[in-house]
Amino acid sequence: MTDTVVITFPYSRTDAEHIAAFLGADVVEYTADIFPAVFSGRKRIVALMSMGIVVRKIAPLLVDKWIDPAIVVVSPDLRFAVPVLGGHHGAN
């Protein structure tokens, strides 16, 4: 297990694996409870999905900017990568 995880849907798995290979990260497929499962155990989360899903799933998990992991959302078309959380921890 690495400090970084890429969360994706099955149809984006190939793209997620390319991102993960570049980052030295693990890939996990999205489930309804994946964010709570990885939130406290990883330093960095890359989510290959829409921003709305990520914001709704992480909102109840937020504790403190010095504790929460850095989170970057990559748009499904791979055109944009937006730091959502943890700019001071490398998300930017």
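Serine 75 lies in the loop between E4 and E5, where strands are DSSP runs of E with at least two residues and helices are runs of H or I with at least four, numbered from the N terminus. At 15% relative accessibility, serine 75 counts as buried, a class that means under 20% relative accessible area, with exposed over 50% and partly exposed in between (1.4 Å probe, protein chains only). The model is predicted, so local features need pLDDT of at least 70 and side-chain atom pairs count only at pLDDT 80 or more, while totals for chains, interfaces and linings use all residues. Residues are numbered from 1 along each chain as its sequence is written, and side-chain values use heavy atoms, with hydrogens and water left out.

**Serine 75**
- The side chain of serine 75 makes a polar contact with the side chain of aspartate 77 at 2.6 Å; a polar contact is a pair of N or O atoms within 3.5 Å, and within protein one must be able to donate a hydrogen and the other to accept it, with residues adjacent in sequence counting only if both atoms are side-chain atoms.
- The side chain of serine 75 also reaches the backbone nitrogen of arginine 79, at 3.2 Å.
- Apart from residues up to four places away in sequence, serine 75 touches Leu48, Met49 and Phe80 (contact means heavy atoms within 4.5 Å).

- Strands E4 (residues 70-74) and E5 (residues 81-85) run antiparallel and are joined by 4 bridges; two strands pair if DSSP finds at least two bridges between them.
- Valine 74 stands opposite alanine 81 in E5.
- The two strands form a hairpin with 6 residues between them.
- Leucine 78, in the loop between E4 and E5, has a phi near 65°, a positive value in a residue other than glycine.
- Leucine 78 counts as partly exposed because its relative accessibility is 42%.

**Aspartate 15**
- Aspartate 15 is placed in helix H1 (residues 13-23) and counts as partly exposed at 30% relative accessibility.
- Leaving aside neighbours within four places in sequence, aspartate 15 is in contact with Leu48 and Leu78.
- The C-alpha atoms of aspartate 15 and proline 76 are separated by 9.0 Å, although these residues are 61 residues apart along the chain.

**Methionine 51**
- Methionine 51 lies in helix H3 (residues 51-58).
- With 31% relative accessibility, methionine 51 counts as partly exposed.
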